[in-house]
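The report below goes from the chain as a whole to single elements and then to single residues. Please read it beside the sequence and the structure shown here.

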Amino acid sequence: MSAAPRVAGRPPITCYDTMNRAMAAPRAEVVIDLDNLRHNTAYLAARAPGAELMAVVKADGYGHGAVEVARTALGSGATWLGSCSIPEALALRAGGITAPVLAWLDTPDTDFAPAIAEGVDLGLSTPRALESAAAAARRAGRRARVHLKIDTGLSRNGCPADEWEAFVELAAATPEVEVHAIWSHLACADEPGHPATDAQAERFDDAYRAALRAGLDPKRHLANSAALLTRPDLHFDLVRPGIALYGLNPVPDEHDLRPVMTFRSSVVRTKRIRAGESVSYGLTWTAKSDTSLALVPVGYADGVPRALSNRMHVRLAGRRRPVVGRVCMDQVVVDCGDDEIAEGDEVVLFGTGVDGGPTAREWADTTGTIDYEIVTGMHRPRVVRTYR
Ligand SMILES: *Cc1c(COP(=O)(O)O)cnc(C)c1O
């Protein structure tokens with residue numbers, strides 16, 4: 001226990017206990033709650049009972065750690081993993097994961113052979129990539145299992161509808177590839193009722209019928225988290241949730257999803273300033289009365305957007321408290337009024353929100369972005385990751 005005297009309105013003096021507590025805790029840490037991840041995976045799997053579940057773990061598991069997330073999700077209802085690139089997929093294999101993995105976005109000159117050798121499925125949307133996969137399959141001495149992507153309206157990386165027929169015919173005539181599935185991605189699934197989703201579903205159906213005509217018998221997948229939660233008619237054979245696994249809800253209706261990431265730090269020092277004194281670069285905040293400040297050693301180099309300067313709260317010593325002044329590269333300052341704060345006290349920057357604390361969603365809403373960008377923006381190696 002700390003022997004530091006706690007006197008309201010005055011910072012406690014530093015003693016070895018508080019110093020040790022501060023140093024034992026990482027400066028900046030994301031704590032990953034694997035129980036919440038298990039809960040979310042099971043919750044989502046139960047909502048898509050007729051489909052397999054692909055846990056999307058691109059971008060290092062949306063910043064949560066791809067291998068740990070993959071392992072946990074596979075133990076709670078997921079049967080597939082989704083990666084952006086082949087290096088991401090191979091990192092899962094290097095982590096000892098043998099479940100099916102789909103990698104869907106690499107440059108045209110990527111060598112597909114290592115992925116094929118490791119049994120990674122390839123998401124393809126151009127004839128050039130298909131030919132390259134076939135050549136790599138010959139080198140790897142093994143057929144490439146592929147998922148052909150149709151652009152149904154997102155205008156991003158699928159095969160355009162007017163090139164689709166030729167594409168599926170080419171795939172059907174390429175013995176080195178086995179077409180496992182056709183797939184697409186939705187533009188507006190997070191706005192339930194948006195007419196684009198039905199239009200995309202219709203084009204997806206056309207693409208499926210063209211694939212059948214070409215002699216293929218593919219599985220189908222289309223749904224991200226939002227479509228999983230709102231469009232059971234679009235689950236097909238496989239659903240591909242990402243954000244909802246991490247406990248962040250992309251749709252307006254309520255769901256029992258529990259945020260997996262908590263971003264925490266601790267107070268490294270406290271100080272008292274007088275009314276009229278100002279805080280941080282530019283002196284953008286001035287104390288209206290004498291107050292105690294707590295210095296927290298995280299900043300924009302850790303993933304706290306500088307745009308949150310004077311616009312964020314942390315949870316510290318049992319309640320929400322405002323960050324005052326500019327967010328710096330390495331530090332923020334919290335106004336604690338006359339409350340007693342000790343060096344070493346835990347500071348939650350964002351977390352589950354169940355205790356009224358701040359959330360990644362709150363940061364996103366304040367800065368005009370989405371919580372996806374917040375959780376993928378916790379910068380390693382400065383931010384340590386801990387699993388609970
Ligand atoms: C990222 C991604 C997903 C997951 O989307 P969420 O909105 O996070 O559920 C699914 N499919 C593709 C192709 C993706 O790129």
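## Contacts and overall build

Of the contacts in the protein chain with a separation of 6 or more, 66% are made by residues 24 or more positions apart, a contact being heavy atoms within 4.5 Å. This is a predicted model, in which local features need pLDDT of at least 70 and side-chain atom pairs count only at pLDDT 80 or more, whereas totals for chains, interfaces and linings use all residues. Residues are numbered from 1 along each chain as its sequence is written, and side-chain values use heavy atoms, with hydrogens and water left out.

The protein chain holds 12 helices and 19 strands, taken as DSSP runs numbered from the N terminus (helices are H or I of at least four residues, strands E of at least two). Its C-alpha trace spans about 80 × 45 × 40 Å along the principal axes. Of the 388 residues in the protein chain, 53% are buried; buried means under 20% relative accessible area, exposed over 50%, and partly exposed in between, with a 1.4 Å probe and protein chains only. The protein chain exposes about 17000 Å², of which carbon and sulfur atoms supply 51%, as computed by the Shrake-Rupley method with a 1.4 Å probe, where for residues only the protein chains shown count as cover.

An unreviewed UniProt entry annotates Lys 58 as "modified residue: N6-(pyridoxal phosphate)lysine"; UniProt positions are given in the numbering used here, feature names are shortened, and annotations may be inferred rather than shown by experiment. Lys 58 is found in helix H3, residues 58–62, and is partly exposed, with a relative accessible area of 27%. Leaving aside neighbours within four places in sequence, Lys 58 is in contact with Gly 82, Ser 83, Cys 84, Glu 88 and Trp 104.

Ser 83, one of these partners, lies in strand S3, residues 80–83, and counts as buried because its relative accessibility is 1%. With the same exclusion of neighbours within four places, the contacts of Ser 83 include Val 57, Lys 58, Glu 88, Leu 92 and Trp 104.

## Strands S5 and S6

Strand S5 (residues 120–124) and strand S6 run parallel and are joined by three bridges, where pairing requires that DSSP find at least two bridges between two strands. In this pair, Leu 124 stands opposite Leu 148 of S6. Strand S6, residues 144–149, is mostly covered, with five of its six residues buried.

## Helix H9

The 19 residues of helix H9 (residues 195–213) should span 27 Å at 1.5 Å a residue, and the end C-alpha atoms, 28 Å apart, agree with this; the expected span is 1.5 Å times one less than the number of residues. Among the buried residues of H9 are Gln 200, Phe 204 and Tyr 208, and their cover includes helix H8 (161–172), strand S7 (177–183) and strand S8 (219–223). H9 is followed by Gly 215, whose phi is positive, near 95°.

UniProt, in an unreviewed entry, places "domain: Alanine racemase C-terminal" at residues 260–388. The end C-alpha atoms of this span lie 10 Å apart, and the span is 10% helix and 33% strand.

In helix H11 (residues 360–367), the buried residues are Ala 360, Trp 363 and Ala 364. Seen down the axis of H11, these residues fall within an arc of 100°, so they line one face of the helix, the arc being that of the directions from the helix axis to the C-beta atoms. Their cover includes strand S10 (261–266), strand S18 (346–350) and helix H12 (371–375). Just after H11, Gly 368 takes a positive phi of about 75°.
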